[in-house]
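Please look over the sequence and the structure before turning to the points below.

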Amino acid sequence: MKVLLYFEGIDKISRSGINKVLKYQQMALDSVGIEYTLDPDDDFDILHINTVFFNSEPIISKARKNGAAIVYNAHSIEDDFKNPSFITNMVSKVFQERLKGLYLKGDCIIAPTLYSCNTLQNYGIKTPIEVVPNAVDTNNYIRNSEKADNFRAVCGFDKNDKIVVSIGQTLKKKGFHDFLSIAKMLPEYKFVWIPSTKSSLFSLEIRNITLHDYPPNVILSDYVSEDDYIGALSAADVILYPTYEESEGINLLECMACKNNIVVRDLPVYQDWLKDGVNCYKGQNNDDFARIVKDLIEGKINDVSLDARKTAEEHSLKNVGIKLKRIYEATQEDVITTAIRKFAKDNNKNDKLHIGLFSDTYYPDVNGVSVSIETLRKQLQRMGHTVYVITATLDTKLVGGVEFESGVLRIPAVKLKQLYGYRISRPISIQALDYIKNMDLDIIHIHTEFTIRMIALAAARLYKIPYCYTSHTMWEDYTHYITKGHFDKTSRKLVGMYSKYVYDRDCEIIVPSQKTFEVLKTYGIKKQMHVVPTGIDTARLNPENVNREYVDGILDSLNIKDKFRIVYVGRLAQEKSLDLIIENLTDVFDEYPDTVMLITGYGPSEEDLKALVKQKGLTDKVFFMGKQPPDQIQNYYALGNLFVTASTSETQGLTYIEAMAAGLPVVARYDEVLTDVLVDNVTGLFFKTGKEFVSNISKYRNLPEEKQAEMRNNALKKAEEYSLETFGNKILKAYYRAIRKSTVKRATKHD
């Protein structure tokens, strides 16, 4: 395990107080044997990020895409930026939103105090938060009389002077004004202010005070060396810490480690680790501070320096190192998270996208949507992008767990038998959303109108990811599954209203055909739509590349090798109208006795269709080949001489293009969507009625062999127009448009 300790502008932090944060983190990890690096270009397993500046998001994205876990140190909360001397409250609200966005990207947030933890939870941040106090080198910060004497000598103090030391930037919010006022109230003591950074920030107001108005018993020190710093803490009779805000508290811990009496302002951030009268004293105002300082020096109240040292020891490097190690290991315990990170690391390429394809149906389902998604996934991967599929589990029991393998995240679901086996997952899965966060997606591509869509939208909103929709299905053709033929007109109208609700959002819409484009327009959707037909792997489907031995084996087993074979590949569902074809097969077989039909696929109408075949007495002529895996489907197209279909519910006609890529002319029922695909009398033949179907089979059978060969060649050429390269490039164009619009919108919002 190797950790990147990331501090933005690491080459400059030696000039600031945050240098101590880095120093102590390094020492804490050394104490427990954790390997770390400060170079973002190194290989690492965990990003421990400590900044909230401009490069925070890019370094998180880079880490995610290289498979690293993200631990975010919440050094800052909104309260740190409310003091008007530093920044306006309005801007602090903007900062809070940025903090929320950044902290949400972590696998775990480290808060230095319970107060910080509660504040972050009140922001609505759901990322796990662990309280890990800041570390202090208790072995180095030990009271040293020799260094104390040296400090007194440098300041011109004698051994009887009583010294009050304060540490911090010379800012009003750090209590510098109050420090000067208290010094005036206690002229008998010496007051020393030690800047906590080499380049303390002076406002004009502070500069005027320091030049003209600070009391004679005050010394405003320069930034001191480590030895002089320990000398100051060792010489101090009281440490006064009047700051109005605190996040790190490291200087305070160093003071406590040197066994000092500490006086602090009573702030919420101290509530869980500083106890008034036990390891410190707390005041509300300058009168309180002056009284407590005087009582401590005069011995009127108990000395709490020993308990202060004990508190510092609880923040030792070893103790903090053990807690950090536990958190680092916990981020790597989850098997699925580990698998996602490994997948990201193995597949990530510079300047390429991380893409999430969301769908309720996916391989090994055999339908147009699942084939389209798998085709897109493979093509995008060929183009160098990292692609995840988020879909439903195969084991449809909602009590099951989330699964991940080879870039596919599966969410528990139940199967809808009425809707040809579509699966409905949990509408929201916090566990799945956490896993999706680890994918660091640049774009979400939604391929469903059901529950996986809801998870996709939740991820898009939560992680500020732009998204696209593809409308695959004309759902108005599927209402019969719900209504059973009743209220058909009303149900179609409701489908249109729901489609408008789904698609009429701030996203890019992708449609596979002009027909889908026109239908969505009738629903009232006026947004720009990208018409992108699904690409086809024409090489895989080409007759020259099928497994001829496998195909011949099927033909021999059915004893139909010398027959003329018409084939159908696709879902067995009512909207595919296969019953129309089967009803007219008797006439085809009577005219051409050497003809058989092979039906490949599955769906809710399978048993009804088999019953119809039996009723017609065609069981020796019509063969049901069942459900077949997509990587074998080319062999089932190769069984045929002619492809037939009667569907009018297609959005693109994907199986028609696949059939033509397999060298099969297509005899199809006329549908407007097919006019760009099937050229009548060139790549196939259209029919409108059962009688025309029979005559078209006869027409093709009566063509001379050279004309049949010409139609087969035309089909092959037409299919080439739907290349994977064109498909991938058009989809990416839509992605980049969505990303660009989202970037502009977010920039405008922040402006």
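Rings of Phe, Tyr and Trp, the last taken by its six-membered ring, form a pair if their centres lie within 6.5 Å. By that criterion, Phe176, Phe179, Phe191 and Trp193 form one aromatic cluster. The model is a predicted one. The protein chain has 751 residues, of which 58% count as buried, and it holds 29 helices and 28 strands.

**Overall organisation**

- Among contacts in the protein chain between residues at least 6 apart in sequence, 70% join residues at least 24 apart.
- The structure holds 18 aromatic pairs, and two of these pairs are described next.

**Aromatic pairs**

- The ring centres of Tyr141 and Tyr229 are 6.0 Å apart and the ring planes stand at 80°, so this pair is edge-to-face.
- This pair links distant parts of the chain, since Tyr141 belongs to the loop between β6 (129-131) and α5 while Tyr229 belongs to helix α8, 88 residues apart.
- Tyr141 and Tyr229 are each buried.
- Phe179 and Trp193 also form an edge-to-face pair, with 5.0 Å from centre to centre and 70° between the planes.
- That pair likewise links distant parts of the chain: Phe179 is in helix α6 (residues 176-185) and Trp193 in strand β8 (residues 190-194), 14 residues apart.
- Phe179 is buried, as is Trp193, and both of them belong to the aromatic cluster that also includes Phe176 and Phe191.

**Charges over rings**

- Lys610 lies over the face of Phe624, at 5.7 Å from the ring centre.
- Lys621 places its charged end over the ring of Phe589, 5.3 Å from the centre of that ring.

**Packing of helices α5 and α8**

- Helix α5 (residues 145-155) packs against helix α8 (residues 226-235) at an angle of about 95°, and their axes are 7 Å apart.
- Angles of 65 to 115 degrees count as roughly perpendicular, and α5 and α8 are therefore roughly perpendicular to each other.
- On the α5 side, the residues in contact are Lys147, Ala148, Phe151 and Arg152.
- On the α8 side, they are Asp227, Asp228, Ile230, Gly231, Ala232, Ser234 and Ala235.
- Sorted by class, this contact of α5 with α8 has five nonpolar, two polar and four charged residues.

- In helix α4 (residues 114-122), the buried residues are Tyr115, Ser116, Cys117, Thr119 and Leu120.
- Gly124 follows α4 and has a positive phi, near 95°.
- Helix α9 (residues 250-257) is mostly covered, with eight of its eight residues buried.
- The buried residues of α9 are Ile250, Asn251, Leu252, Leu253, Glu254, Cys255, Met256 and Ala257.

**Backbone features in loops**

- The peptide bond from Tyr363 to Pro364 is cis, with omega near 10°.
- Pro364 is located in the loop between β13 (354-358) and α14 (368-382).
- Ser577 is a residue other than glycine with a positive phi, near 55°, and it lies in the loop between β23 (564-569) and α22 (578-583).
- Buried means under 20% relative accessible area; with a relative accessibility of 13%, Ser577 therefore counts as buried.
- Asn681 is not a glycine, although its phi is positive at about 70°.
- Asn681 lies in the loop between β27 (666-669) and β28 (684-687).
- With a relative accessibility of 43%, Asn681 counts as partly exposed.

**Surroundings of Glu583**

- Glu583 is found in helix α22, and with a relative accessible area of 40% this residue is partly exposed.
- Leaving aside neighbours within four places in sequence, Glu583 is in contact with Leu612 and Lys616.
- The C-alpha atoms of Glu583 and Val613 are separated by 8.4 Å, while the two residues are 30 residues apart along the chain.

Methods: Residues numbered from 1 in each chain as written. Predicted model: local features only at pLDDT ≥ 70, side-chain atom pairs only at ≥ 80, totals over all residues. Heavy atoms only, no water. Axes fitted to C-alpha atoms, helices over the stretch in contact; angles between N-to-C directions. Helix = DSSP H or I, 4+ residues; strand = E, 2+ residues; numbered from the N terminus. Parallel < 35°, antiparallel > 145°, perpendicular 65-115°, else oblique. Contact = heavy atoms within 4.5 Å. Nonpolar A, V, L, I, M, F, W, Y, C, P; charged D, E, K, R; others polar. Phe/Tyr/Trp six-rings, centres within 6.5 Å; stacked < 30°, edge-to-face > 60°. Buried < 20%, exposed > 50% of the residue type's maximum accessible area, 1.4 Å probe, protein only. Lys NZ or Arg CZ within 6 Å of the ring centre and 35° of its normal.
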